[in-house]
Structures are given as C-alpha cells and as structure tokens.
Amino acid sequence: MSEVSRRSVFLDEIGLGPLWLRRDDGLPDAELIDVDVTPQQAFAPAVEIPVAESQVETEEIVQAPTVPEPLNSVVTSAWGDDDAPVSSPVVTVAAVATTISPAAMDWQQLQKAVAGCTACGLCHGRKNTVFGVGDNKAKWLFIGEGPGRNEDIQGEPFVGPAGKLLDNILLAMGLKRGENAYIANIVKCRPTDGTGRDRPPAADEVAACLPYLQRQIELIQPTILVALGKTAALSLLGLDPATPVSKLRGTVHRYADRPLVVTYHPAYLLRQLADKGKVWSDLCLAMSTYANVDE
C-alpha cells in the first residue's frame with residue numbers, strides 16, 4: 001500500500017474520514033482498505049465525538065522512578081499541553097516505591113498484587129484495579145495515564161470513546177488489541193477529586209504504581225514503547241515537568257534500553273481533531289523504528 005493510501009487509512013480509522021468503527025462491530029483488515037482523500041477532506045472535522053467530563057482523563061507531570069530527588073511538580077491538563085502549569089505537592093519516589101516489591105513476581109502474582117494493592121490512597125475510591133490488557137508477549141506496548149470512569153467500572157484500560165479511537169489507531173498500524181499489542185497505564189486505579197471527577201495522578205500515586213508497570217515491561221519484553229500523553233511520557237523519561245508533549249514528539253527516546261516514541265493521548269485528540277495528522281507522523285516514526293529494531 002502506498003504512503004498516501006496508508007495515510008488515508010489512518011485518517012479514516014481515527015475519525016477524520018467517513019469511516020468510524022466500534023470495537024464490538026468487528027474491525028476489517030487495514031490492508032483491504034485503499035481510500036484516497038484530499039487534504040481538505042482529511043482535515044474536515046466530519047466526525048466529532050462528544051466526551052463527558054467524567055470520561056476525560058487529565059494528565060499530571062510527575063517524576064520518574066529513577067530520579068531520587070524531587071523535581072518541581074506541576075499539574076497541567078492533558079488537553080492543553082502548553083498551558084501554564086499550576087503547582088502541586090511533591091512526594092519523592094524513593095519514599096513510596098520501597099513499599100512494594102514486585103520485581104520477582106510472575107504474571108499471576110503481579111495481577112494478584114495489583115488487585116489487592118493498598119500502596120496509595122487511590123485504593124479507597126476504586127471499583128476495580130485496571131491491570132492492563134493484551135498480548136503478554138507483544139512487541140508493541142502502549143502506555144497511557146490512568147483509568148477513567150469507564151475503565152474503573154470494567155477493569156480494562158481504554159474502553160470509552162478514547163478506547164475506540166485507540167483501537168482504530170491500532171488497526172491503521174496493522175495491530176489489534178490483544179494481538180501483538182499490550183495496553184497499560186502509569187497508575188492502575190482511577191484518580192478522582194473531591195467531586196468525583198477524574199484528575200491527574202499525584203506524584204506519590206505514580207511512584208507507588210510504577211514498579212508494577214516496570215515489572216510488566218520486564219515480563220512482556222516489548223520491542224518498542226509508545227507513551228500516550230504527557231503523564232506517561234514524563235513519568236517514564238523523568239524530564240523537566242514543564243516539558244510539553246509537543247517538545248517530545250519527533251524524537252526516539254529510550255526507556256529500559258528500548259525505544260520509546262511520544263504522541264498525544266487519544267482523549268486529547270477527541271477535542272483537537274487537527275492534531276490527528278501529527279499522531280500519524282509520530283506513529284510513522286514508531287513503525288520505522290520498530291522495523292529497524294526488529295530486523
């Protein structure tokens with residue numbers, strides 16, 4: 001398939017073309033679709049999905065587990081990566097990470113530990129922990145921020161409108177949920193504020209949960225990681241907390257001796273249709289990097 005046709009497939013699948021698919025309706029083989037659209041058609045906001053506030057996950061800049069000293073902590077919305085930050089309390093990683101030791105656990109032990117985890121205060125408000133979903137030997141690992149309302153209810157990551165968009169993105173890449181792809185989050189429990197709305201995870205919550213994700217990475221042994229949004233990117237890379245996603249795009253980073261590509265969170269794209277073309281560029285970088293590593 002030509003680059004133009006492949007781009008057309010991607011734009012269709014993520015909602016910029018006339019095709020919008022639900023996961024439960026079944027997904028066609030991306031290679032069987034060959035649709036060409038003009039730039040005007042591609043970027044026309046023909047499909048816009050309403051997103052309830054309770055379904056929109058926000059993001060917080062946090063420090064990575066490899067940084068022993070606290071960084072200046074700020075909170076920004078996932079839907080405005082370049083907005084001015086507001087201050088937020090900091091808790092060092094070392095002070096929390098020592099409360100759990102999943103490094104020697106197998107899959108069953110790790111799932112059990114997550115299900116019963118009380119390492120931070122998020123355990124008090126959750127309905128379900130959200131461990132992750134997909135192929136345990138996947139070459140592709142996609143990492144988001146944390147569960148929202150739908151995920152908390154169903155116990156699976158990315159099941160709301162953002163999840164449908166992510167499934168279509170996977171299809172355009174020749175992947176599928178559960179087949180050579182694994183989806184996880186930085187935190188396993190839903191963070192909410194005093195009114196019950198979704199909020200970014202706090203630094204101590206991220207620090208308490210990261211060892212679980214680190215063990216998942218060790219067990220899966222993925223070839224490449226894709227960080228979906230600011231919280232995922234900065235939690236893994238330990239960069240300056242004021243760094244927006246836009247500054248991290250277009251570069252192949254490294255985490256746990258593996259390539260990591262940063263792109264926007266699917267929920268952000270539901271509000272910023274024009275940036276879907278940027279995500280395609282990011283994923284082209286990820287696919288070319290994967291092809292070179294996997295040779």
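I take two strands to pair if DSSP finds at least two bridges between them. I keep in mind that this is a predicted model.

**Entry 1: strand β6**

Strand β4, residues 140–144, is joined to β6 by four bridges, and the two run parallel. Within β6, leucine 225 is the residue that stands opposite leucine 141. I then looked up strand β8, residues 258–263, which pairs with β6 in the parallel sense, again over four bridges. Here alanine 227 has valine 262 of β8 as its bridge partner.

**Entry 2: helix α6**

I checked the length of helix α6, residues 161–172. Its twelve residues, at 1.5 Å a residue, should span 16 Å, and I found the end C-alpha atoms 17 Å apart, which agrees. Twelve of the twelve residues are buried, so α6 is largely enclosed by the rest of the structure. The buried residues include Lys164, Asp167 and Asn168 as well as Leu165 and Ile169. After the helix comes glycine 174, and its phi is positive, near 80°.

**Entry 3: lysine 176**

I followed the chain into the loop between α6 and β5 (181–185), where lysine 176 lies. Its relative accessible area is 38%, so I record lysine 176 as partly exposed. Which residues does lysine 176 contact, leaving aside its neighbours within four places in sequence? They are Leu170 and Ala181. I also noted aspartate 135, which is 41 residues from lysine 176 in sequence, while their C-alpha atoms are 9.7 Å apart in space.

**Entry 4: cysteines**

How many disulfides does a search of the whole structure find? The search finds zero. A disulfide is a covalent bond between the sulfur atoms of two cysteines. The cut-off I needed is 2.5 Å between the sulfur atoms. For cysteine 117, the closest cysteine sulfur belongs to cysteine 209 and is 6.2 Å away, too far for a bond. For cysteine 189, the closest is that of cysteine 120, at 6.2 Å, also too far for a bond. I looked up burial as well: cysteine 117 counts as buried at 13% relative accessibility, and cysteine 189 is buried at 8%.

Note on methods:
Residues are numbered from 1 along each chain as its sequence is written. This is a predicted model: local features need pLDDT of at least 70, side-chain atom pairs count only at pLDDT 80 or more; totals for chains, interfaces and linings use all residues. Side-chain values use heavy atoms; hydrogens and water are left out. Buried means under 20% relative accessible area, exposed over 50%, partly exposed in between (1.4 Å probe, protein chains only). The expected span of a helix is 1.5 Å times one less than its number of residues. Contact means heavy atoms within 4.5 Å.
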